[in-house]
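Good morning. I will go through a few packing and pairing details, starting with a term.

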Amino acid sequence: MQRPAGFFLSKWRERALVLAFFLIAAVLFTWPLVLHLHNGIVGGHGDPLLNTWIISWDARTIFTNPTRLFQGSIIYPSRDVLAYSEHQFTLGVIAAPVYFLSRNPILAYNFLVFFCFAVSGFGCYLLIKELTGSRWGGLAGGLFYALCPYKLSQLSHIQIFFIPFLPLMLLYLHRYLQRGGWRNAALFSFFLLAQSLSSWHHLMYCAMAAGLMWAWRAALSRRREQWLRLVGAAAAAGAAAVLVLPFMLPYARAHQRLPGFERSLKEVELYGARGEDYLRVLDDSVVYGEAPPPFREGGIGYEDVLYPGVMVILLAAAGLALRRREGEDQLAFDSASFRRHALFFSVLCVLSVLLAFGPKIGGWENPFYMVPYRLGMLKFTRVPTRFFLLTALSLSVLAGYGAAKLSIRSVAASRGGLKAGRLLGFGLAALLLLELLTWNLYVYPIAVWGEVPKAYGWLAEQEGARVIELPTHALGPAVMYDRDLKLNPFDIFEYLYREGDIMYFNTYHWKQVVNGYSGYSPFFYRRIITEMQGFPSARSVNLLRGLGVSHVLWDWEWVPSERMEEFNLRLFSTPGLSFVEDFGSKSVFRVEPGETTPPGSLEVTASAPCAVSPGAGFEMGLLVRNPTQAPMVCVDEEWQQFKLFLRDGGGEIGAEAEGRYRAPFFVDAGETVSVPLRVGEVRPRKSGGEKAPAEEGGLHGRWDAELVLEGGALGDRSLGMGLEFKDGLPDSTASDSLAGRVEAPGGPAELQLPSPNGLYTLTSVRVRNEGGATWKALPQLEDYSLPAGEVHVALGWREPDGTTWENQACSLPCDVAPGQEVEVPLLTRPPATAGEYVLRIGLYAEGRGWFGSGLEIKVTVQGWTP
């Protein structure tokens, strides 16, 4: 069909005006951010600066060293650190020109904010205009999709609200299924890929929306050419999926080697939607900012601002309810089009609302969420309310239908003709804009260019430097410090802001830093930050030396005024540290190189229960001692393999088991640590070496056990012990017959620790089980809850007046059978304030309390004197 000469010019003029409209709307809704594009950010110093670092890292690395994309410069020495959060590849590509031209990470980040709002509205406008034929419907729906309250509440999470390509993906999928064409198929695949590579959440939302549209059209298809298009659409989606696969590999590697890498249901339930969330409004809203009950207050950073507003609901209802009258033959009223599209978005809306509730709705299990969760499709997501993004798109399209139908009907009812329709369309868009409008957002000032502390410019010139920024934020109790300890900042927001600033300033030197945070916190990071509570000390310097950290950047603004003199003396007199230079409030110290001990030089012995119940798994462990004068630091995150062989009196292997364990991370000079090994099913062997089916009732009698460590950090080792399988042996999870004692042969009655806080190794104690039940030791955990009946050595720090400072736990190296005595290494965190304390050491059963006899030691935690 031949088009008028001015058709394409007017078409592009219209699109330019629409894009400008949404850009101006974004400026209004985020005011005064546009005045601070280069040096301000909305949402605080935490997640926005984490995302600024990710986007800058992507922009820099994609075009200079793409094979290192996932090996980010934060959270050293961990690997694949970009996989601890969303990789945001698409955002990095789009921001790259701005980043390279300006060398300003904040400008690149804010460019993406406005790009997202403008393109989101524009894409939704094109989709709605395609479906309804109405410009006013497109403007109204596009305005809600771009700037709805939920999206604005996510201004601190650009990886969530940056979803501009979803409506464009559906637009070209619709066009391809409607009329074919390789260009439509290619653009569908392109926008699916672009949106999927911005966030794994978006991949899931795109797959859900496109898959549902595909299935919807398949149910309505009858002709051969329709089915051929469905096949073509599936092929286009498959091509995009192939290109996404390489980005999944680092996440798969991290999931395989790191405990707790997937979200637990307990965590997910905290972030599921509740009924009252659909009345939660933004405190920056012009209309609802101070709304009385039943409305609830929310803000930027909240995950539950789900109130959409009255206008969009009324328009969506009109879109569904209004029916065609005689003479109304426009596309918005076409019954076939309505059935294919408006009803499809109604189904998508309902389904996304149900998914936003998460695992439970009103205390009842939500099958719409739990079925895909159990299939592994939702185990990476923590916040179900983010499904509201699909709800927002669905409401936008339905509201577009409503605005279109109302505009058409006003034309038919008025003698003013098209003018009346335009006035009504304008009025509807204006009312929607007014109801949604936010104003005067708080913009956090960020140092850029010449305002960046000069220390970071100095670091940029230091070849091969590895850095830690100290002092760390104060941590609360973690209870257990010798296992997979929990990081517990006293003020989580201050901690995130501080680490966020460090990551942001990393973009000005790009050296590897120990600091940072992300969606996942590895053990190395949690342990280092906890150890650094005691910096500077001989132990903390040894750890940094073992890690290969070359410089400490000390910020005096983070030091309490009453401790300035103390830290000044300690920093300049701690062996292993040397002063380099002052840069205003920041001082640089060099960690002097020194000897370290390789893991193969450690002494390793096995610790195992002398008796276990047949057919049941049990905990055993390794006691690893560093006999040298130098620290051992092992940064191997991979699981280590072991095998357990049981030999009869003739030396023949009668049964075996296998498992895996974590290599010890840090063993200071002279220190002993325990490493847990979980032994699951012990299977008998057939003659000839084949594994036999498990015998009913399990093994019995006494066996000579051989524990074989197969390579890994500790090397090949073979350790022997005796092991008896004994019927009728109760354990501490089901028995109240608990008795025992703790002894410290030759241990001191009084103890002096050189400085407060940090971690310190105490003299190992020996514990003896004098009861009738086996004590169950703590297994290698993937969360931080202690199982009921677990027994550990408890450390109770008390001040002389009896006030408790902290109760801590040290894990047993293995299950302990009745009558058995084992060695238990003690790792403790002393009080954060110097003074006199009493340390109670005893036995503790989780869920039951202290039992047996223990020790009390007077401890002097020394302050610092010159």
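A crossing is called right-handed if the near helix is turned clockwise from the far one by less than a right angle, and left-handed if anticlockwise. By that rule, α8 passes α10 in a right-handed crossing.

This is a predicted model, where local features need pLDDT of at least 70, side-chain atom pairs count only at pLDDT 80 or more, and totals for chains, interfaces and linings use all residues. Residues are numbered from 1 along each chain as its sequence is written, and side-chain values use heavy atoms, with hydrogens and water left out.

Helices (H or I, at least four residues) and strands (E, at least two) are DSSP runs, numbered from the N terminus. Helix α8, residues 166–179, packs on helix α10, residues 200–220, at about 20°, with the axes 10 Å apart. Axes are lines fitted to C-alpha atoms, for helices over the stretch in contact, and angles run from 0 to 180 degrees between N-to-C directions. That makes α8 roughly parallel to α10 (under 35 degrees; over 145 is roughly antiparallel, 65 to 115 roughly perpendicular, the rest oblique).

Now the other helix pair. α2 (residues 47–62) and α4 (residues 105–132) pack at about 100°, their axes 9 Å apart, which makes α2 roughly perpendicular to α4. Contact means heavy atoms within 4.5 Å; among the residues making it are Leu49 and Ile55 of α2 and Tyr109 of α4.

Last, the sheet. It is open, with 6 strands in the order β13-β22-β21-β16-β17-β20 and mixed pairing; two strands pair if DSSP finds at least two bridges between them. β21 and β22 run antiparallel, joined by 9 bridges.
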